[in-house]
Amino acid sequence: MTPFIIEKTETPTDPVKRTELLANPSFGRVFTDHMAIIRYSADKGWHDAKITPRRPLSIDPASTVLHYGQEIFEGMKAYREKDGHVATFRPEANAARFAESARRMGMAELPEDLFVQAVDELVRVDQDWVPSGEGQSLYLRPFMISNEVFLGVKPANEYLFIVIACPVGAYFGSGCVSVWVSENYTRAAIGGTGEAKCGGNYAGSLIAQAEAKEKGCDQVLFLDARERRFVEEMGGMNVMFVRKDGKIVTPPLGGTILRGITRNSLIQLAADQGIEVIEEPVEIDELFEGAASGKYTEAFACGTAAVLSPIGKFVRPSGEAVFGDGTTPGPVSQKLKKTLTDVQGGRTNDVHGWIHRIS
């Protein structure tokens with residue numbers, strides 16, 4: 001274990017104010033009192049691990065992250081279990097994916113056990129911020145930026161790893177979301193950074209997300225970059241489809257789609273319930289035809305922030321693909337979501353050892 005210096009804030013949030021904030025937290029707007037920070041340099045390696053009061057960063061205007069975009073992040077949650085304990089969900093999977101993202105972006109790799117420890121240390125200090133309401137959790141954002149001061153196109157020799165946290169409620173409201181199929185923009189191409197969780201992937205998706213909003217939709221769906229024919233990923237989450245025969249179909253991983261931890265968990269939970277999950281290409285035209293014919297009965301998005309969000313319809317200029325009545329979540333989606341959230345909330349037996357108890 002790496003020793004962490006704990007520097008608690010001298011001005012903690014008043015408990016009454018914190019209770020008010022936790023009663024109805026908006027997503028990503030309210031933050032806890034502290035953050036974890038670890039520094040890296042080529043000569044010292046990872047060092048100076050601390051839990052400190054959350055505060056603005058001070059970086060040089062020539063810091064490499066500002067010019068060459070060496071930045072990666074993760075999204076994970078801490079949950080207040082039914083017995084009052086606090087736990088995270090599969091943190092070792094986030095740590096492994098973070099290391100993979102670092103390799104792809106030419107950044108220093110943070111040891112996976114140190115990643116998990118940093119998250120644990122922060123959650124312990126700020127555990128009073130973990131809400132207990134239905135659908136609520138403490139969202140954790142570990143991230144790393146290059147902060148060497150130089151202008152030149154090469155991997156940096158200095159990095160900052162930081163973890164911040166914010167109490168959150170549901171990412172989407174109740175019911176089903178609507179999704180715009182982007183025909184003008186793509187998210188990733190073979191050989192690119194699609195499988196890495198880096199900020200540039202999300203920056204490139206924002207204009208497509210704005211287009212979706214203009215069309216009255218909640219989210220955007222990207223097609224493959226080569227043929228604009230196959231379903232890939234949504235703006236910030238994976239996507240799955242339920243067929244009439246009861247099987248679930250989801251696009252295969254191949255370097256352009258993020259290896260979603262929620263996606264992986266749902267595949268396992270579906271198998272536990274005897275539901276076959278097929279990872280194979282899904283043609284967008286076939287999806288629209290299948291929705292109309294009844295071949296596809298449900299669709300849902302999945303990710304750490306969204307958990308599992310049923311999709312009511314996909315929209316494109318030539319028409320709509322509607323599932324059910326377009327507003328009511330389907331039975332498979334509802335059952336899988338309940339199964340997953342029961343595991344995360346400690347309300348059922350954790351047969352896969354996914355729960356990592358912190359306090």
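These questions and answers explain some terms as they apply to this predicted model. Local features need pLDDT of at least 70 and side-chain atom pairs count only at pLDDT 80 or more, while totals for chains, interfaces and linings use all residues. Residues are numbered from 1 along each chain as its sequence is written, and side-chain values use heavy atoms, with hydrogens and water left out.

Q: Why is H7 called roughly perpendicular to H9?
A: Helix H7 (residues 261-272) and helix H9 (residues 331-344) pack at an angle of about 110°. Angles of 65 to 115 degrees count as roughly perpendicular (under 35 roughly parallel, over 145 roughly antiparallel, the rest oblique), so H7 is roughly perpendicular to H9.

Q: Which residues make the contact of H7 with H9?
A: Contact means heavy atoms within 4.5 Å. Thr262, Ser265, Leu266, Leu269 and Ala270 of H7 take part, with Leu336, Thr339 and Leu340 of H9.

Q: Why is Gln117 called buried?
A: Its relative accessible area is 5%. Buried means under 20%, exposed over 50% and partly exposed in between, with a 1.4 Å probe and protein chains only, so Gln117 is buried. Gln117 lies in helix H4 (residues 112-125) and touches Met1, Thr2 and Phe4, not counting residues up to four places away in sequence.

Q: What makes a space in this structure a cavity?
A: On a 1 Å grid over the protein atoms alone, a cavity is a set of points where a 1.4 Å probe fits but cannot get out. The structure holds one cavity of 30 Å³ or more. About 100 Å³ of space lies in the largest cavity.

Methods: Axes fitted to C-alpha atoms, helices over the stretch in contact; angles between N-to-C directions. Helix = DSSP H or I, 4+ residues; strand = E, 2+ residues; numbered from the N terminus. 1 Å grid on protein atoms, 1.4 Å probe; cavity = no way out; pocket = protein on both sides within 12 Å on 5 of 7 lines; lining within 4 Å. Points joined across faces, edges and corners; volume = space filled by probe spheres on them.
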